[in-house]
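Subject: Structure handover

Hello,

Here is the structure for your work, with notes on what came out of the analysis. The notes start with one pair of residues and then widen to the whole chain.

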Amino acid sequence: MGGTEHLTVQREGATLVLTLNRPEARNALSLPMLVGLYDGWLEADADDSVRSIVFTGAGGTFCSGMDLKALAGDGMAGEEYRDRLKADPDLHWKAMLRHHRPRKPVIAAVEGYCVAGGTEMLQGTDIRVAAESATFGLFEVRRGLFPIGGSTVRLPRQIPRTHALEMLLTGRPYSAREAAAIGLVGHVVPDGTALAKALEIAERINSCGPLAVEAVKASVYETAEMTESDGLAAELTRGWPVFDTADAKEGARAFAEKRPPVYKRA
């Protein structure tokens with residue numbers, strides 16, 4: 001498994017856990033973190049034994065946004081990764097899930113601050129768990145900046161436009177309960193338990209047919225902006241081949257035999 005000094009990679013069964021690991025800076029994004037994060041997304045997709053991804057932060061914080069000094073180098077940690085950014089100038093956007101979508105489900109486990117770039121990355125995840133005292137928000141306009149990580153496009157598609165515009169235009173913080181009320185996160189749990197809840201959800205996903213899971217995720221995203229008729233046609237194109245897989249037959253046999261299925265991605 002990969003990882004860097006600011007991004008740890010661990011396996012929990014069939015789940016790959018990617019942890020932002022720079023707690024002394026509230027997990028502000030650095031070049032080592034972005035390189036490790038992008039490599040983690042690629043590792044998860046390349047390894048068929050990985051069926052889900054949990055994305056979290058160390059030290060009671062998810063992510064407080066971009067560390068511009070670290071990204072620019074400026075004598076800080078990460079200089080040895082500069083060649084990666086030069087070779088792929090889009091790497092940071094891929095790492096932040098702006099220009100890359102993993103084919104495996106991504107579950108966010110949020111404790112503490114998830115603001116600015118943290119909230120932007122959150123919008124690239126599929127399922128979201130927040131601790132009770134977590135804080136969300138897009139603070140860019142308060143600093144005269146633009147939330148260029150995708151929020152002006154994605155946020156109004158994920159939550160009601162009135163709430164999206166209020167979050168974008170006021171730059172105010174949102175509590176976990178507020179985030180859940182507007183649909184930005186799906187679960188609010190006691191502090192310190194977000195990772196456990198995310199792993200619980202991941203395990204439920206892992207017990208399902210992996211080919212079916214990946215096809216369902218792909219269908220949801222690729223049909224999101226289609227008309228209903230076009231979306232239904234695309235769904236058939238994506239969905240019918242799943243019924244011809246060995247996994248589908250195994251699922252039916254396991255149901256008939258009242259036993260857990262053993263899927264082999266075939």
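T8 stands opposite T19, a residue of β2. Please keep in mind that this is a predicted model.

The two strands around this pair are β1, covering residues 7-12, and β2, covering residues 15-20. They run antiparallel and are joined by six bridges. Together β1 and β2 form a hairpin with two residues between the strands. In this hairpin G13 has a positive phi, near 65 degrees.

Contacts with a separation of 6 or more are made to 67% by residues 24 or more positions apart.

On overall dimensions, the radius of gyration is 19 Å, which agrees with the value near 18 Å for a compact globule, because that is what the rule gives for 266 residues. Along the principal axes, the C-alpha atoms fill a box of roughly 60 × 40 × 40 Å.

Burial and surface come next. Of the 266 residues, 49% are buried. The accessible surface of the protein chain is about 12700 Å², and carbon and sulfur atoms account for 57% of that area.

Last, the charges. The protein chain carries 31 positive and 35 negative charges. The mean position of the positive charges and that of the negative charges lie 2 Å apart.

Regards

Definitions and conventions:
Residues numbered from 1 in each chain as written. Predicted model: local features only at pLDDT ≥ 70, side-chain atom pairs only at ≥ 80, totals over all residues. Heavy atoms only, no water. Rg over C-alpha atoms; globule rule 2.2 N^0.38 Å. Buried < 20%, exposed > 50% of the residue type's maximum accessible area, 1.4 Å probe, protein only. Contact = heavy atoms within 4.5 Å. Areas by Shrake-Rupley, 256 points an atom, 1.4 Å probe, with all protein chains shown as cover. Lys, Arg positive; Asp, Glu negative; His and termini not counted. Charge placed at Lys NZ, Arg CZ, Asp CG, Glu CD. Pairing = 2+ DSSP bridges. Helix = DSSP H or I, 4+ residues; strand = E, 2+ residues; numbered from the N terminus.
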